[in-house]
Amino acid sequence: MSAQSTMLDEFLPPPSTRLDRSAAELDARSVSAWFGSNRVLDRVSLTMPAGQVTALIGPSGCGKSTFLRILNRMHESVPSAKLAGEVCLNGTDVYAPGTRVTETRRRIGMVFQKPNPFPAMSIADNVTAGLKLTGTKVSRSHRGALIEHSLRRAGLWDEVKNRLPEPGSALSGGQQQRLCIARSLAVDPDVLLMDEPCSALDPTSTRRVEETIAEISKDVTIVIVTHNMQQAARVSHRCAFFLAALGTPGQIVEAGATEQIFGNPRDPRTADYVNGRFG
Amino acid sequence: MTLSIFGGPRADDTAPLPIVSDDVPRRIDAGWPPSDKIFRHVARTIGLVVLVITGSIGAFLGYQAIPTLRRYGFGFFTESQWQPELDKVGISAVLVGTIEVALIALVIGFPLALLTALYISEYAPPRIKSSLVAMVDLMAAVPSIIYGLWGFFLLQPHAIYLARWLSQNFGWIPIFQVDTDPNAAAWAQSQYTASAFIAGLCVAMMVIPMACAVMRGVFAQAPSGEREAALALGSTRWGMVRAVVLPFGRGGIIGGTMLGLGRALGETIAVLLIISPAFEIKYKILTVGTNTTSALIAARFGEATSAQLAALLTAGFVLFVITLFVNTVAAVLVGRSRSGAATEI
Amino acid sequence: MSVTFRPESKDVPMSKQEIAADVPTQPTAAVAAQEAPEQQQQAQGPDGPPDVPRVLRARTTDDILSLVGSAVAAVAFTWIVYEHVLAWSGILGFVVCTWVVFLAFYSAVSVMENPRPVLLDRLAAAVVTSGAALVGLALLSTVWYVYYKGWPALHHWNFFTKDMSGVRPTAPLDQGGCWHAIVGSGIQIGMAIVISLPLGIGTAVYLTEVGGRMSGTVRTVVEAMTAIPDILAGLFIYALLIIALHWERSGFAVSLALAVTMTPIIARSAEVVLRVVPGGLREAGLALGASRWQTVIRVVLPTARTGLATSLILGIARIAGETAPLLIVSGANTFFNRDPFHNPMNSLPLYVYTAVRSGEPLFIARGYGAAALLLTLVLALFITTRFLARDKIRAR
């Protein structure tokens with residue numbers, strides 16, 4: 001695999017137009033969020049180390065997805081959304097004035113809960129959609145290698161290598177989600193955010209996606225929101241437990257290494273949650 | 001490393017967490033590239049240009065109407081003659097004719113549209129359902145001049161018999177009276193042609209597909225849970241339709257009908273082909289001669305001087321206001337009803 | 001009112017002992033041993049006979065016979081009574097009387113054996129089906145009539161290739177034609193599309209993708225404008241361009257009038273189509289780092305392309321048949337004119353109108369031919385939209 005990656009290095013966009021290929025550290029500092037006058041997150045701080053998988057767990061409605069969407073600046077696309085605090089990618093605030101939001105989103109990619117391949121494009125075109133959309137040129141010879149590389153990383157290559165011209169929507173749910181992962185990987189992000197990527201999938205597809213997460217996490221920092229505690233225990237190195245009591249904004253109750261959160265939680269609410277006493 | 005805000009576990013975990021933050025939202029500049037901003041400006045400009053153009057129709061007509069109304073005053077609405085050379089112009093006869101033709105079209109078209117919509121949505125075999133929907137849409141797309149041809153050449157010769165039958169048997173109702181003797185052996189056929197009744201029949205063909213399409217769309221959205229509940233209680237199909245589909249579709253039925261009414265008020269070419277213009281306020285719909293606003297405009301504009309043109313534009317403005325009102329009411333009714341709210345836009 | 005149950009089909013054999021016994025709770029061991037192999041045989045999948053789905057019918061024999069019987073009786077009854085007893089005449093009256101008598105007979109027959117809800121159900125079904133049939137008949141008669149009367153002109157080849165210059169209206173049908181009207185329609189519609197398609201789709205993009213304070217007003221006005229009588233659009237262009245600005249009547253003025261009608265229609269239906277594109281696709285585009293316009297151009301519009309094509313084609317079908325604004329803004333000339341900016345330009349609907357109003361039988365026949373041509377055009381556009389829509393459904 002590593003020999004392949006060095007060989008394919010020359011087929012990826014040249015270093016001047018792409019960023020450092022290693023994973024990056026994401027650091028959220030005192031992030032608060034509002035929808036209109038309704039505060040939904042209250043001074044959340046979290047460090048997501050490079051090359052590791054950080055899971056955000058907690059009951060529904062605690063602001064995990066909102067926090068995730070703040071990380072890649074998708075939160076502000078809602079008209080009434082506001083935020084405070086900083087999100088630092090390798091030390092630089094992505095919300096700093098003068099930073100292009102499109103650039104941030106290239107470096108911090110996102111996979112959504114419902115698989116959304118572009119139906120008007122073939123599987124091959126879906127993989128390179130990120131480049132086409134941002135106007136990045138890829139020469140034809142490099143394109144094929146890039147598609148194969150991304151699909152291999154997503155664990156989908158063997159299943160679709162003979163079906164590349166078919167439309168993206170012709171795949172099963174699990175395959176579509178892996179196609180979306182391949183699409184996000186093709187632009188070579190430093191961080192990949194995943195918003196409950198397996199909740200709409202069957203157990204077999206879920207397992208495949210989790211295998212993919214394990215394989216790519218060395219090159220890409222992953223932050224995954226999940227309702228499934230067993231999944232969090234399986235895939236993540238670190239966990240952050242979100243909680244929002246009735247009527248109050250979400251906060252992180254406890255964060256730390258996965259083994260510690262599940263085996264020896266410090267806060268009784270964390271213990272209650274990971275032991276299934278409330279959901 | 002992050003700890004909870006208050007450090008350490010709390011004994012009482014049901015009390016709400018205190019909010020100590022005093023931060024305020026920050027200003028964010030998304031930093032879209034210039035091409036993105038240009039795109040948004042272009043789209044906004046196009047939208048406003050279209051708004052100006054379409055909005056200016058009403059404004060333009062209204063502006064032209066001012067001198068005419070100032071000149072003729074309220075008499076414009078009460079005068080029935082249209083003789084510009086004698087400076088007697090008025091749209092009362094024309095308005096009455098417009099409403100008559102539209103109402104006749106509604107009276108005939110509404111039940112037929114409702115029955116067709118019910119048939120397609122509830123009674124048609126599933127295999128041909130989509131073909132029937134296509135046929136209704138096709139019926140809406142047929143140009144009105146073709147319906148005018150059909151009405152004038154095919155329908156009229158047969159419809160005058162129906163008109164005569166109506167005047168024979170229901171002549172005691174004032175609107176069905178005719179000026180000649182319907183029971184005469186050699187009855188005057190020409191007295192029954194070119195009437196508001198026949199024009200209304202023809203316009204009904206244009207009202208039906210429009211109303212039927214709206215009604216059918218609404219019936220298709222009647223919740224299947226309620227349908228099944230009715231059937232599970234042992235109801236027949238008609239019982240289920242009466243209990244579930246029709247009440248649910250009330251807004252769509254009325255809205256679709258009003259849309260058809262709006263169309264009927266503005267129909268020009270079919271009316272023009274059928275009627276023989278007459279400028280009098282006439283309530284006898286079966287007899288020859290009537291006029292509608294749009295037919296008046298189409299027929300008279302060519303020989304109009306600028307003052308007469310202004311009068312025609314005023315008539316057009318009145319028609320515009322009426323049609324706009326009817327269509328707005330229709331949209332509100334459909335939107336506020338239960339069936340309209342269920343419509344996904 | 002009694003409800004009868006029909007006996008179940010006899011596929012569960014009962015031994016004689018079981019029938020004889022009062023309440024066979026526990027069949028004796030011998031009986032069980034006798035039964036078991038039989039039942040086992042039937043329960044075994046691969047070896048036993050396979051299951052066959054039952055035929056279920058909602059309609060009973062009574063339903064069918066009541067209907068047919070009443071129909072036949074109604075025809076027979078009216079036949080006797082209509083001509084001889086009531087002395088009415090005309091086939092229209094005969095049909096109407098037959099229908100009324102049929103309903104009466106059907107109700108009478110139904111009420112004898114069935115409860116009231118069934119009677120109402122049958123009557124409702126009869127009335128609803130008749131109404132739909134009447135409407136279908138009217139539509140079919142329209143289409144048939146136009147082609148029937150247009151055929152004498154249509155089957156001459158010169159009808160499509162020659163214009164009417166130098167040909168008198170009373171000339172026989174193998175002279176002259178409506179070529180100039182066909183070309184005129186084509187040019188006018190083409191120019192109207194060039195104007196209204198970008199404006200319409202641009203407005204739709206503005207309403208769905210950009211939004212803003214004015215978008216509510218724009219949407220309301222555009223929706224209101226889809227419903228104005230088409231003659232007012234013609235009047236507007238006439239008064240504005242020809243009277244106020246002293247332009248001459250030309251094909252271009254007609255295109256403008258058509259575009260005024262067409263733009264709100266395209267804008268409204270394109271907006272609906274764009275709105276149906278799932279928001280998840282836009283989010284996916286943005287999350288990949290695309291700007292908003294890149295997402296619109298590369299993701300939203302291609303995804304909606306079938307619906308946008310349908311909007312365009314429906315707009316074309318709508319304006320292709322519009323005659324009223326043509327009466328006002330266009331002049332009906334007889335010679336071939338390819339220049340839309342000077343001189344009047346004839347078009348198909350206008351040709352039909354002048355022909356039919358002329359009172360000359362041969363010219364009227366030509367008018368029918370042109371009307372048939374117009375109808376064929378609308379039909380063809382329609383079938384294209386159905387074809388496009390079907391492709392889209394199949395691709396899912």
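Predicted model: local features only at pLDDT ≥ 70, side-chain atom pairs only at ≥ 80, totals over all residues.

Visitor: What makes two residues count as being in contact?

Guide: The term requires heavy atoms within 4.5 Å. By that criterion, and leaving aside neighbours within four places in sequence, C:Leu388 is in contact with C:Thr306, C:Ala309 and C:Ile313. C:Leu388 itself is found in helix 16 of chain C, residues 361-395.

Visitor: Why is C:Leu388 called partly exposed?

Guide: The class lies between the limits of 20% and 50% relative accessible area. C:Leu388 has 26% relative accessibility, and therefore counts as partly exposed.

Visitor: How far is C:Leu388 from C:Leu245, in sequence and in space?

Guide: The two are 143 residues apart in sequence, and their C-alpha atoms are 42 Å apart in space.

Visitor: What else describes chain C as a whole?

Guide: Chain C has 16 helices and zero strands. Buried residues make up 46% of its 396 residues. Its accessible surface comes to about 20900 Å², and 66% of that belongs to carbon and sulfur atoms.

Visitor: Let us turn to chain B. How does its radius of gyration stand against that of a compact globule?

Guide: For 345 residues, a compact globule would have a radius of gyration near 20 Å, but chain B has 29 Å. Along the principal axes, the C-alpha atoms of chain B fill a box of roughly 105 × 65 × 35 Å. Chain B contains 13 helices and two strands, and 52% of its residues count as buried.

Visitor: Which residues does B:Lys282 touch?

Guide: Not counting residues up to four places away in sequence, B:Lys282 touches B:Val96, B:Glu100, B:Thr287, B:Val288 and B:Gly289.

Visitor: How are the charges of chain B placed?

Guide: Chain B has 23 positive and 20 negative charges, and their mean positions are 2 Å apart.

Visitor: What makes strands 1 and 4 of chain A a pair?

Guide: Pairing requires at least two bridges between the strands. Eight bridges join strand 1 (residues 26-35) to strand 4 (residues 81-89) of chain A, so the two count as a pair, and they run antiparallel. Within strand 4, A:Cys88 stands opposite A:Asp27, and A:Ala84 is the bridge partner of A:Ser32.

Visitor: How many bridges join strand 4 to strand 5 of chain A?

Guide: Two bridges join these antiparallel strands, and the criterion is at least two, so they too count as paired. In strand 5 of chain A, A:Thr92 is the bridge partner of A:Leu89. The hairpin of strands 4 and 5 has two residues between the strands, and A:Asn90 takes a positive phi near 50° there.

Visitor: Which strands of chain A stand at the edges of the sheet, and why?

Guide: The open sheet has four strands in the order 2-1-4-5, with antiparallel pairing. Strand 2 (38-48) and strand 5 (92-93) of chain A each have a single partner strand, so one side of each is left without a neighbour in the sheet.

Visitor: What makes strand 4 of chain A mostly covered?

Guide: Seven of the nine residues of strand 4 are buried.

Methods: Residues numbered from 1 in each chain as written. Chains lettered and ligands numbered in written order. Heavy atoms only, no water. Rg over C-alpha atoms; globule rule 2.2 N^0.38 Å. Buried < 20%, exposed > 50% of the residue type's maximum accessible area, 1.4 Å probe, protein only. Lys, Arg positive; Asp, Glu negative; His and termini not counted. Charge placed at Lys NZ, Arg CZ, Asp CG, Glu CD. Areas by Shrake-Rupley, 256 points an atom, 1.4 Å probe, with all protein chains shown as cover.
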